[in-house]
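Visitor: Please walk me through this model, beginning with the contacts of one residue and moving on from there.

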Amino acid sequence: MRAAISLLVLLLSMCGVQTESHGTDASTQDVSTELKELRDLVVELRGSLRHTRDDVKVLEADNVAMKQRLAVSESKVSVLEAENVAVKERLVASESKVEALERVLQDTKAEMKTEVDNLKKENAAQETELTAVKNMEKEIRAAPKLAFSAGLRESGDGYTEAGSNNLNLVFKKVFTNVGEAYSSTTGFFTAPVRGVYYFRFTVVDLLNSRYMFIRMYKNGQQLMQLGEHDTDGMASYLSSGLTLQLEKGDVVNMVLPAGYRLYDDGNNQSTFSGFLLVPL
Ligand SMILES: *[C@@H]1O[C@H](CO)[C@@H](O)[C@H](O)[C@H]1NC(C)=O
């Protein structure tokens with residue numbers, strides 16, 4: 001641009017020289033016109049040059065402002081870069097912490113899984129045990145309950161005598177008869193289930209140089225016989241018991257052999273008892 005302007009000024013000055021020495025011929029006239037045009041052009045160019053200079057000034061001012069803003073921005077950028085570095089460092093630290101925590105979490109999870117597995121096993125074992133206990137309880141509840149005790153006489157006229165035949169004793173005074181397997185009309189205990197039972201008795205007589213005997217029978221067969229002899233006329237006792245395995249329907253009873261007697265005046269001197277220990 002400046003070079004172009006210098007060239008124009010040079011031309012102008014050259015034209016000025018020619019203007020002073022122009023002639024009156026047609027070519028001089030042309031030159032003069034041309035010069036006038038050139039001058040106008042120069043004026044115009046000067047104007048535009050002024051504008052351009054103004055523009056340049058504005059642009060230079062803008063440039064300064066831009067540079068200042070750039071410098072500010074650059075310093076901000078370096079601050080931000082520094083911050084970025086710090087943030088990255090913190091991020092790295094955080095990441096490694098997170099990794100460590102993740103490892104701890106994994107370990108904890110594994111430990112908890114083991115613990116849960118153990119607890120499940122324990123629980124299963126306990127449930128098995130509980131089921132066994134419940135079944136046992138059910139069995140116990142389902143098992144027949146059989147127990148009886150009876151005294152020989154309700155009230156007291158004393159002696160019960162066998163006479164000339166063996167007497168099946170009927171213990172009439174029922175204390176207990178759970179399960180109703182003992183009959184106070186026949187004196188027989190009839191096993192309603194297969195099982196192990198216990199029977200016992202105590203019988204009394206007042207022996208004044210007399211003998212006494214008592215027997216236990218199962219299904220009409222004698223199982224035991226006890227005897228006693230005394231001279232003092234005071235109460236003598238025979239007492240014993242047996243644990244018996246019975247089939248369903250087996251019967252047990254007490255027998256007073258022929259010729260002997262027992263005493264009971266309603267005060268429970270002679271008793272017969274039995275109960276189911278365990279069903280089989
Ligand atoms: C015999 O048993 C009855 C209950 O049936 C009781 O009231 C009585 O006191 C008992 N007799 C003796 C001497 O214990």
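Guide: Leaving aside neighbours within four places in sequence, Thr202 is in contact (heavy atoms within 4.5 Å) with Tyr237, Leu238, Ser239, Gln269, Ser270 and Thr271. The model is a predicted one, in which local features need pLDDT of at least 70 and side-chain atom pairs count only at pLDDT 80 or more, while totals for chains, interfaces and linings use all residues. Residues are numbered from 1 along each chain as its sequence is written, and side-chain values use heavy atoms, with hydrogens and water left out.

Visitor: Is Thr202 buried or exposed?

Guide: Thr202 lies in strand β6, residues 195–206, strands being DSSP runs (E, at least two residues) numbered from the N terminus. Buried means under 20% relative accessible area (1.4 Å probe, protein chains only). Because the relative accessible area of Thr202 is 16%, this residue is classed as buried.

Visitor: Which side chain does Thr202 join in a polar contact?

Guide: A polar contact is a pair of N or O atoms within 3.5 Å; within protein, one must be able to donate a hydrogen and the other to accept it, and residues adjacent in sequence count only if both atoms are side-chain atoms. At 3.2 Å, the side chain of Thr202 makes such a contact with that of Arg200.

Visitor: How far apart in space are Leu277 and Ala147?

Guide: Leu277 is found in strand β12, residues 271–279, and, not counting residues up to four places away in sequence, touches Val196, Tyr197, Tyr198 and Thr243. Leu277 and Ala147 are 130 residues apart in sequence, and their C-alpha to C-alpha distance in space is 9.3 Å.

How values were computed
Helices (H or I, at least four residues) and strands (E, at least two) are DSSP runs, numbered from the N terminus. Buried means under 20% relative accessible area, exposed over 50%, partly exposed in between (1.4 Å probe, protein chains only).
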